[in-house]
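Dear colleague,

I am handing over the structure that we spoke about, and I would be glad if you could look through it alongside these notes.

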Amino acid sequence: DFLDGVKVLLVNCEFFFIVGILAMVEVVPYGLTWLAILAVPNALRKLFRLNVEALALVFRELDFWVPLMTMIISCMCAWASFTHEGAPAAFGFIFTVLLKFIVNILFADADLAKRVIESKGFKTVNTVAFLLSITAFGILITFGHIPLVENRQYHFHLLYNEGTVESVSMCTRFMSTPVLFMFKFIVKSLVYKGRTVIIKMPLV
């Protein structure tokens, strides 16, 4: 069927997310970083198929809001670290990372498709794969292996206090919270098979 062909095409486009990581470290030309956004349509396809009632339950949980807000701040700090030349392509990549994190990880409990319910390890595999990708990106940006990244300093004056923050340092610090939560999700999925990881209720 035509729709099945489109679905397979969108799923295969996830491969370009890996190409985006390779482009950032210039294993392939940096301009290919833009290809990462080809993974966005598949994430949107999953988003529009989520169960609305289950999604409402996800929004009530602190385990959703804490990793979401820290991931957003981490992504903003990561984007702020890129030079003027690399920022546009980096924005496309970072936006894709954030969208995939929200849909594939934080909204996973709202995906009540038959394949998720029958395959107890489906969400765990997704989480592990994304965790490895985020960890790799964090290591690359922290140790300066992304050529177009600069550890920029920002000075602030708040009331009677002054200070300086570094963009890369803030990125990795805030990224540690979503990483810890993903570890928590993986452990819960392995220990309590067939249960949700954010919503306080069984999957079925």
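How many aromatic pairs does a search of the whole structure find? The search gives 10 aromatic pairs, where rings of Phe, Tyr and Trp (its six-membered ring) pair if their centres lie within 6.5 Å, and planes under 30 degrees apart count as stacked, over 60 as edge-to-face and the rest as tilted. One of them joins Phe-59 and Phe-107, whose ring centres are 5.7 Å apart with planes at 80 degrees, so this pair is edge-to-face. Because Phe-59 lies in helix α4 (residues 52–59) and Phe-107 in the loop between α6 (87–106) and α7 (114–118), the pair ties together parts that are 48 residues apart in sequence; helices here are DSSP runs (H or I, at least four residues), numbered from the N terminus.

Phe-107 is buried, with a relative accessible area of 7%, whereas Phe-59 is partly exposed at 37%; buried means under 20% relative accessible area, exposed over 50%, and partly exposed in between (1.4 Å probe, protein chains only). Phe-59 and Phe-107 also belong to one aromatic cluster with Phe-64 and Trp-65.

In helix α6, Phe-91 and Phe-95 are four residues apart, and therefore separated by about one helical turn. Phe-91 is partly exposed at 44% relative accessibility, and Phe-95 is partly exposed at 42%.

Please keep in mind that this is a predicted model, in which local features need pLDDT of at least 70 and side-chain atom pairs count only at pLDDT 80 or more, while totals for chains, interfaces and linings use all residues. Residues are numbered from 1 along each chain as its sequence is written, and side-chain values use heavy atoms, with hydrogens and water left out.

Key. Helix = DSSP H or I, 4+ residues; strand = E, 2+ residues; numbered from the N terminus.
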